[in-house]
Amino acid sequence: PAPPWTRLQWACLLLTGAVFMLWTGQYVAYMTWLPLYLVEVQGLSVEAALSGYLIPVLLVGVFNITTGLLLQRGARVQRLLLGAVVVQSTIWWLLPVTGGGLGGLASLVVYGITAGIAPTCLFALSAHLVASPAETARAFGVTMTGRNLGVLGGPLLLALAIESAGGWQAGMLLFAGLTSLALCLSAVLFFLVPRVEAQLPG
């Protein structure tokens, strides 16, 4: 039988699941509605909007791999996660300012980079919080529950916010707030994950 998890392990796993839910919700909402935003608000053609959409998609793949290599070489997962969520929270708050042009392009590029870093760290955290590979699947199930809730709720929540408020501004502020909450929880993990790792055998 698998050994029971400590309260600290459970707390970190639940926090990871909560961050995954909030992060995935904002990411899927961002990527779902980005082409429409670029057309309706920024006045781009459909072709130009789809080209802009490809920028973060390509960068996500590149930085998924890059982050995985950094973690293999000993980078601290909680540090990379916190840094990525700080940047993405800032991007949400600045969306009304960055708009189109070079500011909007820079926003897409930076968002794509950090959107590759954050999920790689969240997927990896499960293994950092348990004692053996045999426990990883159980831990992964806890964090994936949070991710799946974010996938389900994020795009719907943004659509409801935009529709109820009659514009994109309310949706941006809502998700800026939710991403800031993910930032706060990531900051808690920043301090708790090393404590869990120190208690694990080996």
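**Notebook: helices, contacts and a pocket**

I started with A127, which I found in helix α4; helices here are DSSP runs of H or I with at least four residues, numbered from the N terminus. The model is predicted, so I kept in mind that local features need pLDDT of at least 70 and side-chain atom pairs pLDDT 80 or more, while totals for chains, interfaces and linings use all residues. Residues are numbered from 1 along each chain as its sequence is written, and side-chain values use heavy atoms, with hydrogens and water left out.

A127 counts as partly exposed at 42% relative accessibility. I then took the C-alpha distance from A127 to A139, and it is 7.5 Å for a separation of 12 residues in sequence.

**Helix α5**

A139 is one of the buried residues of α5, and the list also includes E135, T143, G154 and P155. Which helices cover them? The cover includes α1, α4 and α6.

I looked at T143 in more detail, which sits in α5 (residues 133-165). Its relative accessibility is 0%, so T143 counts as buried. Beyond neighbours within four places in sequence, T143 is in contact (heavy atoms within 4.5 Å) with L13, T16, G17, F20 and S126.

Next I checked the length of α5. Its 33 residues reach 47 Å from first C-alpha to last, close to the 48 Å expected at 1.5 Å a residue; the expected span is 1.5 Å times one less than the number of residues. There is still a bend of about 35 degrees at G153, with the proline P155 following within four residues. The bend is the angle between axes fitted to the seven residues ending at a position and the seven starting there. Just after α5, G166 has a positive phi of about 75 degrees.

**Helix α6**

I ran the span check on α6 (residues 168-199) too: its 32 residues should span 46 Å at 1.5 Å a residue, and its end C-alpha atoms are 46 Å apart, which agrees. A kink of about 30 degrees lies at F191, shortly before P194.

V188 is also in α6, and at 36% relative accessibility V188 counts as partly exposed. From V188 to M172, 16 residues along the chain, the C-alpha separation is 24 Å.

**Salt bridge**

How many salt bridges does a search of the whole structure find? It finds one, taking a side-chain nitrogen of Lys or Arg within 4 Å of a carboxyl oxygen of Asp or Glu. The partners are R76 and E197, at 2.4 Å from N to O. R76 lies in the loop between α2 (46-72) and α3 (77-98) and E197 in α6, so the pair ties together parts 121 residues apart in sequence. R76 is partly exposed at 33%, and E197 is partly exposed at 22%.

**Largest pocket**

Last, I noted that the largest pocket has a volume of about 330 Å³. A pocket is an open set of points on a 1 Å grid over the protein atoms alone, where a 1.4 Å probe fits, with protein on both sides within 12 Å along at least five of seven lines; lining residues have an atom within 4 Å of a point. Grid points are joined across faces, edges and corners, and the volume is the space filled by probe spheres set on them.

Of its 22 lining residues, L34, Y37, L38, Q42 and L108 are the closest to the centre. The elements giving two or more residues to the lining are α1 (7-40), α2, α3, α4 (101-128) and α6.

How values were computed:
Buried < 20%, exposed > 50% of the residue type's maximum accessible area, 1.4 Å probe, protein only.
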